[in-house]
Amino acid sequence: MSFTRRPGSARPLQTTRREDRHIVRNARIQPTTSSAAIQAQVAPSLGAPVLSRTIRRCLAEGHLGSRCPLPVLPLTPTHRPLC
């Protein structure tokens, strides 16, 4: 198991590319789960605890960043003229 460094980082990675792919795959299967839920699912299969920061980093590298819910529902076409 070889750990590599991220470009511009002083610390070596704690997970391998295979483990990163496993994390991203779990996030793609269930896109609405939180990083803590993914962490709970992935930790037993990897055999080692994984930080939530590592989960978020893997998701960001897999282009699965967080998304913000809408603050309010958009108005329907019938409600727009009433405003």
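**Entry 1: the chain as a whole**

I began with contacts between residues at least 6 apart in sequence, and found that 43% of these contacts in the chain join residues at least 24 apart. I noted that the model is predicted. The chain has an average pLDDT of 78, and 78% of the residues score at least 70. I then looked up the secondary structure and found three helices and zero strands. Read from the N terminus, the order is α-α-α. I also looked up burial: 23% of the 83 residues count as buried.

I compared confidence by helix. Helix H1, residues 17-29, has the highest mean, 86. Helix H2, residues 35-46, has the lowest, 83.

**Entry 2: H1 against H2**

Two packed helices are described by the angle between their axes and the distance between the axes. For H1 and H2 I wrote down an angle of about 140° and an axis distance of 10 Å.

Which residues of H1 and H2 meet? On the H1 side I listed Glu 19, His 22, Ile 23, Asn 26 and Ala 27. On the H2 side I listed Ile 38, Gln 41, Val 42, Ser 45 and Leu 46. Sorted by class, this contact has five nonpolar, four polar and one charged residues.

An α-helix has 3.6 residues a turn, so residues three or four places apart point the same way. I kept that in mind when reading the H1 list, which includes Glu 19, His 22 and Asn 26.

**Entry 3: H1 against H3**

I repeated the step for H1 and H3. Their axes are 9 Å apart, and the helices pack at an angle of about 80°. H1 is therefore roughly perpendicular to H3, because the angle falls in the range of 65 to 115 degrees.

From H1, the residues in this contact are Asp 20, Ile 23, Val 24 and Ala 27. From H3 they are Ile 55, Arg 57, Cys 58, Leu 59 and Glu 61. By class I noted six nonpolar, no polar and three charged residues in the contact of H1 with H3.

**Entry 4: H3 itself**

Helix H3 covers residues 52-61. Which of its residues are buried? They are Thr 54, Ile 55, Arg 57, Cys 58 and Leu 59. These buried residues pack against H1 and H2. Just after H3 I came to His 63, which takes a positive phi of about 60°.

**Entry 5: Asp 20**

I went back to Asp 20, which lies in H1. Is Asp 20 buried or exposed? Its relative accessibility is 11%, so Asp 20 counts as buried, the cut-off being under 20%. With neighbours within four places in sequence left aside, Asp 20 is in contact with Thr 15, Arg 57, Cys 58 and Glu 61.

**Entry 6: Val 50**

Last I looked up a loop residue. Where is Val 50? Val 50 sits in the loop between H2 and H3. Val 50 is buried, because its relative accessible area of 7% is under the 20% cut-off. Not counting residues up to four places away in sequence, Val 50 touches Gln 39 and Ile 55. I also took one distance: the C-alpha atoms of Val 50 and Ala 36 are separated by 10.0 Å, with the two residues 14 apart along the chain.

Notes
Residues numbered from 1 in each chain as written. Predicted model: local features only at pLDDT ≥ 70, side-chain atom pairs only at ≥ 80, totals over all residues. Heavy atoms only, no water. pLDDT = per-residue confidence, 0-100. Helix = DSSP H or I, 4+ residues; strand = E, 2+ residues; numbered from the N terminus. Buried < 20%, exposed > 50% of the residue type's maximum accessible area, 1.4 Å probe, protein only. Contact = heavy atoms within 4.5 Å. Axes fitted to C-alpha atoms, helices over the stretch in contact; angles between N-to-C directions. Nonpolar A, V, L, I, M, F, W, Y, C, P; charged D, E, K, R; others polar. Parallel < 35°, antiparallel > 145°, perpendicular 65-115°, else oblique.
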